[in-house]
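Q: I am new to this structure and would like to go through it step by step. Could we begin with a term that will be needed along the way?

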Amino acid sequence: MSMLEEELKLFEEKKAQLKEEYPNGGYVIIKSSEILGVWNTRQDAIKTGVEKFGNTPFLVKNIDDTDKAINTFSRNLAFV
Amino acid sequence: MPIFSYASPDIEISGAIINVNMWPDFAVIKNLTDQKLTVPNKSIIGLIDTGASCTAFDSILAGELQLVIRDKQPVLTPSGQSEQYLYDIVITLPNQNLGISLQAFGADLSKQPYDILLGRDVLASCTLIYNGWDNSYDLHFHQDKVKK
């Protein structure tokens, strides 16, 4: 499974529930199958995640995130 | 209000080029500092890209700066849409000490003369005046407008 796939899958499953529990929004941390919590700012969420897991991959997601794509019109971009 | 000015007869070809310093996220900087470890950072060449909503950097920098993946999002480019990993980074612009924290995605910029495309997420804290007839631009950075 590629990077953060398990976390992203769990986020999609729990998104509606998180939105209901946190109507004012926030940033959720998910590591493997664990939802660590929701913080008011992205910086606070990352700080907590790094304190707990060190500098390792974990998902930090705005619970109000839409599936809207990031737009870039740069023709010089290529993806690996 | 720190101001950066750039002038070059090649600006029409090169675009609005700027030297920036790139770091891992503030939380990682603190974590490394607490462990008395060296905080990786790199001076890189950026291109101010008003066509990009989100900043993109050369993927090779992720390894050099010990960046780790924190999200994945669809990215729409002229050549189509693809899912890309997002990293949390800090950049510092010339003439200012305050770091700008932002999410950016990795891309293959190895064949380009710059390492990072600074998008409108960076410009959200700036005033940019591009003066084509004078081959110059001014970038005014508003520290009080940096998004937390």
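Predicted model: local features only at pLDDT ≥ 70, side-chain atom pairs only at ≥ 80, totals over all residues.

Q: What is the relative accessible area of C126(B), and is it buried or exposed?
A: The relative accessible area of C126(B) is 14%, so this residue is buried.

Q: And C54(B), buried or exposed?
A: C54(B) is buried, because its relative accessibility is 8%.

Q: Let us turn to chain B as a whole. How many helices and strands does it have?
A: Chain B has four helices and 10 strands. Along the sequence they follow the pattern β-α-β-α-β-β-α-β-β-β-β-α-β-β.

Q: How compact is chain B?
A: Chain B is as compact as a globular protein of its length, because its radius of gyration is 15 Å, close to the 15 Å that the globule rule gives for 148 residues. Its C-alpha atoms fill a box of roughly 50 × 40 × 25 Å along the principal axes.

Q: What share of its residues counts as buried?
A: Of the 148 residues of chain B, 53% are buried. The accessible surface of the chain is about 7,000 Å², and carbon and sulfur atoms make up 53% of that area.

Q: What share of the contacts in chain B comes from residues 24 or more positions apart?
A: Such residues account for 60% of the contacts in chain B, taking those with a separation of 6 or more.

Q: Which strands does β3(B) pair with?
A: Strand β3 of chain B, residues 42-48, is joined to β2(B), residues 17-24, by six bridges, and these two run antiparallel. With β8(B), residues 116-118, β3(B) pairs in the parallel sense over three bridges.

Q: Now chain A. What is the strand order in its open sheet?
A: The order is β2-β1-β3, with three strands in antiparallel pairing. The edge strands are β2(A), residues 34-39, and β3(A), residues 59-62, each of which pairs on one side only. From one strand to the next, the twist averages 20°.

Q: How many bridges join β1(A) to β3(A)?
A: Four bridges join β1(A), residues 27-31, to β3(A). I29(A) stands opposite V60(A) of β3(A).

Q: Which helix lies across these strands?
A: Helix α2 of chain A, residues 42-53, lies across β1, β2 and β3 of that chain, and runs at about 145° to β2(A).

Q: A last topic: which residues have a positive phi without being glycine?
A: Among them are L4(A), with phi near 65°, and N135(B), with phi of about 55°. Most residues other than glycine have a negative phi.

Q: Where are L4(A) and N135(B) found?
A: L4(A) lies in the segment before α1 of chain A, and is buried with a relative accessible area of 4%. N135(B) is in the loop between β9 and β10 of chain B, and is partly exposed with a relative accessible area of 27%.

Definitions and conventions
Residues numbered from 1 in each chain as written. Chains lettered and ligands numbered in written order. Heavy atoms only, no water. Pairing = 2+ DSSP bridges. Axes fitted to C-alpha atoms, helices over the stretch in contact; angles between N-to-C directions. Contact = heavy atoms within 4.5 Å. Buried < 20%, exposed > 50% of the residue type's maximum accessible area, 1.4 Å probe, protein only. Rg over C-alpha atoms; globule rule 2.2 N^0.38 Å. Areas by Shrake-Rupley, 256 points an atom, 1.4 Å probe, with all protein chains shown as cover.
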